[in-house]
Amino acid sequence: MRRPVAFAVGLGLCSVACVRDVTEPVEPSETIVLVQGVVRADRQQQWILLERTFNGTVSGTATGFIPGAEVAVPLEGATVTISNLGFPEDPCGASVRLVENAGPPDRLQPGVYWSPNACPTIRPGDTLELLVVSGDDRVTGRTVVPGTRQMVLETASGSVLVPGPALEFNRDADTLLATVDPIGGRVLIIEIRDRIFAETPDWIAEASSQFWVDGTSLTVPGDFLDLFRDLDDDEPIPDLFNAGRWLAATLAYADQNFYDQLRSANSPLTGRGFINNLEGGFGYFGSMTAARNNLRVIGNVDDPREGLYRMTGTVDGVAVSVDWELYLNSGTDEGEMSFSSFVEGDWVLGAYDAYVIGTFSGSSLSTWIVQPTGGTTPGGDMELRFWEVIGALSPTEPTTLTVRVDGAEVGTLTATKQ
């Protein structure tokens, strides 16, 4: 988990008389090893990001920033180990070596070091020690692994032990309550993102909203605005929860070190305020345990266009039958109304259980159904097929919708409100 950092801008206080003689020798500045690492008891493979501060001009793109380092470049060729000091008989060995380019193919990048699968052993209460050696630099850090006896998500209509069955959440009436029964640790975190982005590694960097509290319970109201979304200046702040969508809620309980990382930063007003828990370097080495649960977000039905529709027909020569559970969301700049709809049933390439997003202009809708083909693109990404669905919906009588691919009609659907 990484975040952008603000840096102070120097005030122009020098006059021309302050200009330095460019022929005067300048001692090179000392660089610093930067570490970003959070081991997770719920994951088979651990990874650590290493960078080094860089004094000068960087060609290309740096991997990222951490408070205390305006410019950083990947640190390659280091020796990285993690030892479980609380488990001397660890079957993984006294220390576990992390290796560059040893992770999943879609997660590889310079400066990232990966552990073997299921090593080191990570149990609640264990003390793990990180050691990074790069040239003359030797960086160490320790973390005490937290755990939970249970994690719970609760709404007005029910609750679930996480991970567990999908939880229905009414954005117009409910508040989402997350609680944990902890073993050690310090901070409770909940992250909300689209279900497909949480499940598909190709889209791991898709934006999410994250909340944390120094405690064991946290509530998020259904009408919360997504204040953390990266928006243009003229864009309205969207809702965090939109009815008619599948979301994923990840609960995590983290240690003191990660709590320090969350609550500290550099500020143009306060200066360096980042809490460093490493020796010989800068950054953080923490630990957490986490689990994810799906949310089926619904809302109150208060518009004639909302509700359940049965849609049947023939598309691409295949008989299809899907149920749409449709909810209106926010308006658009053009006076249209956006909507989301759960779609479940049989579509062209097989069983379908997802949701669509579209717009209404009066009674006329426009949306897309997207379905994986089962193949991959030449770049290795999941291959998808897109069907455009357009037409008018009536709350009182059957209506016909047109289905198109690349602008050409490939079928029709008869929509009947249930």
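Good morning, colleagues. The model is predicted, so local features need pLDDT of at least 70 and side-chain atom pairs count only at pLDDT 80 or more, while totals for chains, interfaces and linings use all residues. Residues are numbered from 1 along each chain as its sequence is written, and side-chain values use heavy atoms, with hydrogens and water left out.

I begin with the overall picture. The protein has two helices and 27 strands; helices (H or I, at least four residues) and strands (E, at least two) are DSSP runs, numbered from the N terminus. Of the 418 residues in the protein, 42% are buried, where buried means under 20% relative accessible area, exposed means over 50%, and partly exposed lies in between, with a 1.4 Å probe and protein chains only. The protein exposes about 21000 Å², and carbon and sulfur atoms supply 50% of that area; accessible areas come from the Shrake-Rupley method with a 1.4 Å probe, and for residues only the protein chains shown count as cover. Among contacts (heavy atoms within 4.5 Å) with a separation of 6 or more, residues 24 or more positions apart account for 57%.

In which order do its four strands run? The order is 10-9-12-15, in an open sheet with antiparallel pairing; two strands pair if DSSP finds at least two bridges between them. Its edge strands, each pairing on one side only, are strand 10 (158-161) and strand 15 (217-221). From one strand to the next the twist averages 15°, with axes taken as lines fitted to C-alpha atoms, for helices over the stretch in contact, and angles running from 0 to 180 degrees between N-to-C directions. Strand 12, residues 175-183, pairs with strand 15 in the antiparallel sense over five bridges. Within that pairing, Thr 179 has Ser 217 of strand 15 as its bridge partner.

The next topic is the disulfide. The structure holds one disulfide, a term that denotes a pair of cysteine sulfur atoms within 2.5 Å. Cys 92 and Cys 119 form it, with their sulfur atoms 2.0 Å apart. Cys 92 lies in the loop between strand 4 (79-84) and strand 5 (96-100), and Cys 119 in the loop between strand 6 (112-114) and strand 7 (127-134), so the pair ties together parts that are 27 residues apart in sequence. The torsion about the S-S bond of Cys 92 and Cys 119 is about -80°, and the disulfide is therefore left-handed. Cys 119 counts as buried because its relative accessibility is 15%.

Finally, I come to the salt bridges. A salt bridge is a side-chain nitrogen of Lys or Arg within 4 Å of a carboxyl oxygen of Asp or Glu, and by this rule the count is 16. One of them joins Glu 129 to Arg 142, the closest N and O atoms being 3.0 Å apart. This pair links distant parts of the chain, with Glu 129 in strand 7 and Arg 142 in strand 8 (residues 137-144), 13 residues apart. Glu 129, at 23% relative accessibility, counts as partly exposed.

A further salt bridge pairs Arg 296 with Glu 168, their closest N and O atoms 3.2 Å apart. Arg 296 lies in strand 19 (residues 282-298) and Glu 168 in strand 11 (residues 167-170), so this pair ties together parts that are 128 residues apart in sequence. Arg 296 counts as buried at 17% relative accessibility, whereas Glu 168 counts as partly exposed at 37%. Both residues belong to a network of salt bridges that links Glu 168, Arg 296 and Glu 325.
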